[in-house]
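User: I am new to reading protein models and would like to learn how to go from the overall fold to single residues. Could you take me through the features one at a time?

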Amino acid sequence: MPRPQKYIVDLSADERAELEAMLAAGTYKTRVLTRARCLLHADDGLTDLLVSQTVGCHPGTVGRVRKRYAEDGLAAINRREADRVYERKLDGRAEAHLIALACSDPPEGRSRWSLHFLAEHLVVLNEIDVESISHETV
């Protein structure tokens, strides 16, 4: 006998109509459409295993979609939690300075600014409060 679902999906008529409209439009990312299908089938009373077989995803995915819906509602299918939170190295003023530097003519002997050279030059100028900056930040 299958165990009862921990997170119950009970869609309102408006939520169901919104999900069906998303599926009909077909302009959303595949993972969003998969989550929408999972919610619709879960609302019909199917177990995670049956939903996963019907939709074509892992049962764990169905469980996570159920949980997110129970916690955040329908908006949870459109966003993904960030894996990590990064501290910004450049503030708005420093970004503006970087953009101005990148738009300026490159130094003599160079045909263009490279990301590595921009990073080096930005730190050497001492106009921003960072000790080092990577080309990936640039």
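User: What should the 14 residues of H2 span at 1.5 Å a residue, and how far apart are its end C-alpha atoms?

Analyst: Please keep in mind that this is a predicted model. The general idea is to set the span expected from the number of residues beside the span found between the ends of the helix. At 1.5 Å a residue, the 14 residues of H2 should span 20 Å, and the end C-alpha atoms of H2 are 20 Å apart, so the two values agree.

User: How many helices and strands does the protein chain have?

Analyst: The protein chain has six helices and zero strands, and buried residues make up 29% of its 138 residues.

User: Is H2 largely enclosed or largely open?

Analyst: In H2, 10 of the 14 residues are buried, so H2 is largely enclosed by the rest of the structure. Among them are Val32, Leu33, Cys38 and Leu39, and also Arg35 and Asp43. The buried residues of H2 pack against H1, H3 and H4.

User: Which residues touch the most other members of the largest nonpolar core?

Analyst: In soluble globular proteins, nonpolar side chains tend to be buried together. In this model the largest nonpolar core has 18 residues, of which Val9, Leu11, Leu19, Cys38, Leu39, Tyr69 and Ile77 touch the most other members. The elements that give two or more residues to this core are H1, H2, H3 and H4, and H2 supplies the largest share, six residues. A second, separate core of 11 residues includes Leu98, Leu101, Phe117 and Ile133.

User: Is Ser52 buried or exposed?

Analyst: For a single residue, one reads the relative accessible area and then the contacts. Ser52, which lies in helix H3, has a relative accessible area of 4% and is therefore buried. Leaving aside neighbours within four places in sequence, Ser52 is in contact with Cys57, His58, Pro59 and Val62.

Methods:
Residues are numbered from 1 along each chain as its sequence is written. This is a predicted model: local features need pLDDT of at least 70, side-chain atom pairs count only at pLDDT 80 or more; totals for chains, interfaces and linings use all residues. Side-chain values use heavy atoms; hydrogens and water are left out. A nonpolar core is a set of buried Ala, Val, Leu, Ile, Met, Phe, Trp, Tyr and Cys residues joined through side-chain atoms within 4.5 Å. Buried means under 20% relative accessible area, exposed over 50%, partly exposed in between (1.4 Å probe, protein chains only). Helices (H or I, at least four residues) and strands (E, at least two) are DSSP runs, numbered from the N terminus. Contact means heavy atoms within 4.5 Å. The expected span of a helix is 1.5 Å times one less than its number of residues.
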